[in-house]
Amino acid sequence: MTVLQQAGTSSRPARSARRAAHLETLRPYDLVAVPAVAVVGAVLAAPAADLARVGPAVLVALSACISALYAADYLTRHDDILAKPHRPIPSGRLSSTAAKRCATAGAVTALAVTCAVNWHGLLFIAAAAAGQGAYAWRLKGQGLWGDLAVGLSGWTCAMLTAATFATPWPPTTLWPAALALGLQGTLSNTLLALGDTDTDRAAGCRTLPVRIGPTATLATMAGCAAACYILAALAAAALDRRPCPAFFGLLLAGALLLLGCLTLARSRNRLLLATELHLYERLALPGALLALAGHTLPALALTATGAAVLALTPRAMLHR
């Protein structure tokens, strides 16, 4: 074998490792709910919104979420050296420079498309960026405030940004649904923090479970879950829409999945299974809201497609 052949052979595993590192950072199990949230924001704001409006909203939501994932891992890389050394950046499989470039590319795409459609959406993107940045720099160690910053900036702002692709400004009637999704995102972050209690404590990061312990954290999560689904149920009245059977069915499915998640989370040995149930629950709630907009078949199709993606994709970033 020549020197060039040897070099080519050795570079292939390196490229494969880099691709795997990018896939881990992108967290398909997180991204899978993003298109549904964007579609919900657009069609609840304007039920007659067509693909020319909904499509760019989905593109912006995905680009912004991808940017946030890379940026969050880049900003918290020093903490991860101690707490999560297996992750792509601290393990050296993904360079800090590459993470910065990917975060920048996603942000530029989201900003450019939003400017081209409706600059009002930039205000919600700015609020989301502020929330994510505050979490990475300070709020991660401030207990529930950090979880709220992630949930509201990640999901509430995503839905309201998507709404600006269908209307000049998000109608006030959209807020109960947007806040419900934000509380769902808050619960997601708290659940992950519950699994990372030992590593966060060792790194000196005072997340909610580190501050108040697992029992009180689960009680807080239960309160967050109740508020989330109450707001989702109230969304029908706020939007003056008659709930359809698909809305009730998906809402009930989400509530049952979340109940199972909270029950399993009482045992440390079942936290990964609890997280798995929650990933599917995160699809049910936006699916229910999409059905509320009168789009029953798209709601069921998006939920089923998301569930199939979840069933087929790995959870590398959830391994501890």
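Mentor: Gladly! Keep in mind that this is a predicted model. Let's begin with the salt bridges: a search of the whole structure finds 7 of them.

Trainee: Which side chains meet in a salt bridge at 3.0 Å, N to O?

Mentor: Those of Asp-30 and Arg-282. Asp-30 belongs to helix H2 (residues 28–31) and Arg-282 to helix H14, so this pair ties together parts 252 residues apart in sequence.

Trainee: Now for helix packing. How do I read that?

Mentor: Two packed helices are described by the angle between their axes and by the distance between those axes. Here, helix H10 (residues 175–195) packs with helix H14 (residues 271–292) at an angle of about 170°, and their axes are 11 Å apart. Angles over 145 degrees count as roughly antiparallel, so H10 is roughly antiparallel to H14.

Trainee: Which residues make the contact?

Mentor: On H10 they include Leu-181, Leu-187 and Leu-191, and on H14 they include Ala-274, Arg-282 and Leu-285. The residues of this contact divide into 12 nonpolar, 5 polar and 2 charged.

Trainee: And what about the surface? Which residues form a nonpolar patch there?

Mentor: Trp-119, Leu-123 and Trp-169 do, with about 350 Å² of accessible area together. You will find Trp-119 in the loop between helix H7 (96–117) and helix H8 (121–137).

How values were computed:
Residues are numbered from 1 along each chain as its sequence is written. This is a predicted model: local features need pLDDT of at least 70, side-chain atom pairs count only at pLDDT 80 or more; totals for chains, interfaces and linings use all residues. Side-chain values use heavy atoms; hydrogens and water are left out. Patches are made of residues with over 30% relative accessible area and no salt bridge: like charges are joined within 9 Å, nonpolar side chains (Val, Leu, Ile, Met, Phe, Trp, Tyr) within 5 Å. Accessible areas come from the Shrake-Rupley method with a 1.4 Å probe; for residues, only the protein chains shown count as cover. A salt bridge is a side-chain nitrogen of Lys or Arg within 4 Å of a carboxyl oxygen of Asp or Glu. Helices (H or I, at least four residues) and strands (E, at least two) are DSSP runs, numbered from the N terminus. Axes are lines fitted to C-alpha atoms, for helices over the stretch in contact, and angles run from 0 to 180 degrees between N-to-C directions. Angles under 35 degrees count as roughly parallel, over 145 as roughly antiparallel, 65 to 115 as roughly perpendicular and the rest as oblique. Contact means heavy atoms within 4.5 Å. Ala, Val, Leu, Ile, Met, Phe, Trp, Tyr, Cys and Pro count as nonpolar, Asp, Glu, Lys and Arg as charged, and the others, Gly among them, as polar.
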